[in-house]
Amino acid sequence: MELADRAVGFILSVISISVFTYYTFWVIILPFVETDHFIHKYFLPREFAMLIPVFAGVALLSLLCIFIGIVMLKSKKKKA
Amino acid sequence: MKHIIKISSLLVAIMAFWIGLLETSIVPRSNAWLLPIYLIVSLGCYGLLMVGVGLMRFPTCPQEAGLLQKDIVEAKEFLKQRGVDVGSD
C-alpha cells in the first residue's frame, strides 16, 4: 500500500515536471527560434497551446460539477 | 489580511506586465495572449507536483502504530475487567 502510494506520487511528480518543461519550451522559448528550425517538427502549431489547456480546464470543471452533483443527489437520497 | 494584499498586488503587477506586453508588441500579439494560460498551466503543474511530493514522502510510523494497537488491547482488557462494555474486536 505504502509503495503504491509512493509510486503514484512519483508518477504525478514526473508528469507535472514534464508537462511544465514541455509547455515552457513550447510557449516561452519557441517564439525565439527560427520557423524553419528542425525543432518545430516536435511541437504542434501555436494555436493548440491555447486550445488544449482551455479544453482541459473546461472538461475538468464540468467533471467536477458532475461529481459534486452526483454526491449531492446521493446524500439527499440517504437523508430521505 | 496582509496575505490578500500581497496576492492582489502580485496579480496587479502581472496584469500590468501583461497589458504592457500586449500594447507595446515587443512579441507578436498571439504570443502575448498565451501568458495568462501559461500562468494557469504552471499553477496546475505546481499543484500536481506538490501533491506528488506530498504523496511520495508521506510520513508513516509503523512502530507507533504497533504501540498504539498494543495500547488499545490493554485498555480494552482493563475496561472489560471493570465491567465496561467496549464492544467486540
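Modeller: Two residues are in contact here if their C-beta atoms, placed from the backbone, lie within 7 Å. This is a predicted model, in which local features need pLDDT of at least 70 and side-chain atom pairs count only at pLDDT 80 or more, while totals for chains, interfaces and linings use all residues. Residues are numbered from 1 along each chain as its sequence is written, and chains are lettered from A in the order in which they are written.

Colleague: How many residues does the contact take from chain B and from chain A?

Modeller: Chain B gives 20 residues and chain A gives 20 residues.

Colleague: Which helix gives the most on the chain B side?

Modeller: That is α3(B), with 14 residues. Helices are DSSP runs of H or I, at least four residues, numbered from the N terminus.

Colleague: And how many on that side are nonpolar, polar or charged?

Modeller: The side of chain B that touches chain A has 15 nonpolar residues, 5 polar and no charged. Nonpolar means Ala, Val, Leu, Ile, Met, Phe, Trp, Tyr, Cys and Pro; charged means Asp, Glu, Lys and Arg; the others, Gly among them, are polar.

Colleague: What does Val41(B) touch?

Modeller: Leaving out residues up to four places away in sequence, Val41(B) touches Tyr23(A) and Pro53(A).

Colleague: New topic. Which residues of chain A does UniProt annotate as "transmembrane region"?

Modeller: The unreviewed entry gives residues 7–29 and 49–73 of chain A. Such annotations may be inferred rather than shown by experiment.

Colleague: How far apart are the end C-alpha atoms of residues 7–29 of chain A?

Modeller: They lie 32 Å apart, and the span is 100% helix. For residues 49–73 of chain A the distance is 37 Å, again with 100% helix.

How values were computed. Helices (H or I, at least four residues) and strands (E, at least two) are DSSP runs, numbered from the N terminus.
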